[in-house]
Amino acid sequence: MIKLSLANKQNTLSKLILLVSIFLIGIISLIMLHLFFLKLLENLDNKTKNQEAKIQIGEYIVNDLYKIRSDFYEIATTATNKRSRDLISTRLKQRVETIKTALDILENGGELKRVIRLNIVGHNNTIRTIKYIKENKSIVSLESIDLRPKLEQLINMTNQLKLLLNEAELYRSLENHKEFEKLTKKIKRFYKLTPAFFIRITENTRRLQYEGEITLKKLQNQIKYEKNQYQKLELILIASIILIVLILTYFIVKQINKNAKTLFDLNTQLEKKMQELKMQEAATRGILDGQPNIVVVSNGEEMIDANSALVDFFNGYNSFDDFKNEHACICDFFQDVEKEDFILDIDYDGLMWYEYILQNPNKLHKVAMKNLSGLHYFSIVAKKKILNDKNFIIIISLNEISKEIKVQEQLAKLNDNLENIVDSKTKQLQELNETLEKKVQEELEKNRAKDKKMIQQSRFAALGEMIGNIAHQWRQPLSAISSTASSMQLQLQLGINQKEDIEKSYESIITYVEFLTQTIEDFRNFFKEDKEKIKFDIQKILNNSLNITAASYKDKNIDVVTNFKEDINITFGFPNELSQVFLNILSNAKDAFTNKKIKNPQVNINIFKKGAYNIIEIVDNAGGIDIKNIEKVFDPYFTTKHQTQGTGIGLYMSKEIIQKHMNGLLSVENRIINSNNTTYKGACFTISLPKL
């Protein structure tokens, strides 16, 4: 859940970054697009300016032609001597060169610089620079084609005119009037031809200018049209980019809102899970504190936690924290009773005491501890649970076995004294045989007194009570051992004993002792925590559970009927936990029989296979469960018993074990049962476990 929440947060952050990136890309795209169109418009403006520069150069050429025309006429009209004519001719040639320079610029591109007269005091003139770029140098300028030959013709005409004027001046100086008049007429005819030349050259230039202006106007109209098209295209592209950004923004914002809602739902679920964890923690604490045995949790160096049984055993402490402040380890209280199987806080071949227990799980380990009431004996079990690569915890469980130890000590004493008793009785029998009838009566009375004493001792040995079902399981075997020993004693006293009878009695005692030992082992195995899931037979676990409850069921006259459809029913899980579920249900059935005072109480147990599951039905005839309570029986801390008889946690833990630990199902319903031609109503607990 937390990983999923973090993943959603990272996903939302990435989408926010994507959204900002899209906005930035959109803005950058708009800027780049705008700059691109500005560049296009600038190129169009440059074309206009270039054409305007061409027209301006043409105007300068026209002006220069007018000046050349003026200079040409000035040579003949105002120049009176050769020096003046040479000066004007030189100026005319300079103007021609200026026009050629302008034509070169029109042909190849470049800058044309012209001095403009201002006639301002302190600032007589200024220089104007016109820049012209020849876009296609492969195209020959029309101005150059048309003007260059005429300029050459103009130079030739000027030179010819100078020759005529110089010759006329010579005739005049020689006072050769006749030749002077002829030459003057020739000069007049020459001048009559020049106006047409200058008009033609000026008109050609004007025509080229006019064509340039038309081209400029067309270019301006084209540029205006292209500008409008560019602006429309720019607006369309800008609108498209904005639309795309808005669409992407909509979907991303929608996804972000979805992620936000998912995060909200995950947070709600997380809070709900936290509440459930708190309830489970409280339930676990309740279960832990409800255990009669002492449970301690350690990290290998100091105690981390313990149940209330620890504080209850060691008087003088208000809480576990008070105990922990004074003692880092419960091993501080281990007592040396000089017995090999009792654990002490010592070094076990380089191992600490709990490590020694962990490495020898098959041994029965014991400890002795003192409190204000005296010395107590406990069986001790340790389990190591790995939390991660570096951390682990040690769970120590101490179950008090003081009464069992005392019973074992008394049985040991009985075994040690058995041979002495037999020898003593044998001697007494020999004495009785010697005195025969005379002492029979006296000895019978003495033997009766001794028999009573032995019976009392046997009963004392059998009176070692065990908690719950252990007491029921031990009562009959201990009684049988007592009866067998008494019978042996009586036979010895009467002298009617035989070796076969004694051996048979010993075998009976050994059988009963083995039964007691197996009972202890059954209960020890029952309380042993499962380390890992294994394959096991459900029928075997059920039979072990029935063996544990057999004595208490027999005391209540409860009949158990089993109906197994197959020889074995194999599943995968924790067998001891399943046994705990069986015992919880069987115990509830026993309490229901007792509380409702049911006659002929009976429990039917059916095991069969259905689909992919092994089905176990445990049905009683105790009248069923009240309909208003049947939906609550699996709720934690719900019980219909008196608070001194039940905690309401058994069926809740049973369902947790079946559904969470065994991947199965546990349910309950009321069912009508027909037995011995009689109809009963009872509760049916159904357990479904996966089959293998």
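Student: At what angle do the axes of helix α12 (residues 538–555) and α13 cross, and how close do they come?

Tutor: They cross at roughly 40° and come within 9 Å. The axes are lines fitted to C-alpha atoms over the stretch in contact, with angles from 0 to 180 degrees between N-to-C directions. This is a predicted model: local features need pLDDT of at least 70, side-chain atom pairs need 80 or more, and totals for chains, interfaces and linings use all residues. Numbering starts from 1 along each chain as its sequence is written, and side-chain values use heavy atoms, without hydrogens or water.

Student: Which residues make the contact between α12 and α13?

Tutor: On α12, they include Ile538, Leu542, Leu546 and Tyr553. On α13, they include Leu578, Phe582, Leu586 and Lys590. Contact means heavy atoms within 4.5 Å. By class there are twelve nonpolar, four polar and one charged residues. Ala, Val, Leu, Ile, Met, Phe, Trp, Tyr, Cys and Pro count as nonpolar, Asp, Glu, Lys and Arg as charged, and the others as polar.

Student: How does α13 (residues 575–596) pack against α14 (residues 650–661)?

Tutor: At an angle of about 145°, with the axes 9 Å apart. That crossing is left-handed. Val581, Ile585 and Asn588 are among the α13 residues that meet α14, where Leu651, Ile657 and His661 are among the partners. The contact divides into six nonpolar, six polar and one charged.

Student: Which strands do these two helices lie across?

Tutor: α13 lies across β11 (602–610), β12 (613–620) and β14, at about 20° to β12. α14 lies across β13 and β14, at about 115° to β13.

Student: What is the order of the sheet that holds β13 and β14?

Tutor: It is an open sheet of five strands, β9-β11-β12-β14-β13, with mixed pairing. β9 (559–564) and β13 (665–675) each have a single partner strand, so they stand at the edges, with one side left without a neighbour in the sheet. The twist averages 20° from one strand to the next.

Student: How do you know that β13 and β14 pair?

Tutor: Count the bridges. Pairing takes at least two bridges found by DSSP; β13 and strand β14 (residues 678–690) have eleven, in the antiparallel sense. At one of them, isoleucine 673 has tyrosine 680 of β14 as its partner.

Student: Why are β4 and β5 edge strands?

Tutor: Their sheet is open, with five strands in the order β4-β3-β7-β6-β5 and antiparallel pairing. β4 (303–306) and β5 (365–371) each have a single partner strand, so one side of each lacks a neighbour in the sheet. Here the twist averages 30° from one strand to the next. β5 pairs with strand β6 (residues 374–386) over seven bridges, antiparallel. Lysine 366 stands opposite serine 379 in β6.

Student: Why is the contact of lysine 366 with aspartate 341 called a salt bridge?

Tutor: The term needs a side-chain nitrogen of Lys or Arg within 4 Å of a carboxyl oxygen of Asp or Glu. Here the closest N and O atoms are 3.2 Å apart, so the pair qualifies. Aspartate 341 sits in the loop between α6 (320–326) and α7 (353–359), lysine 366 in strand β5, 25 residues apart.

Student: How many salt bridges does a search of the whole structure find?

Tutor: Five.

Note on methods. Helix = DSSP H or I, 4+ residues; strand = E, 2+ residues; numbered from the N terminus. Left-handed = near helix turned anticlockwise from the far one by under 90°.
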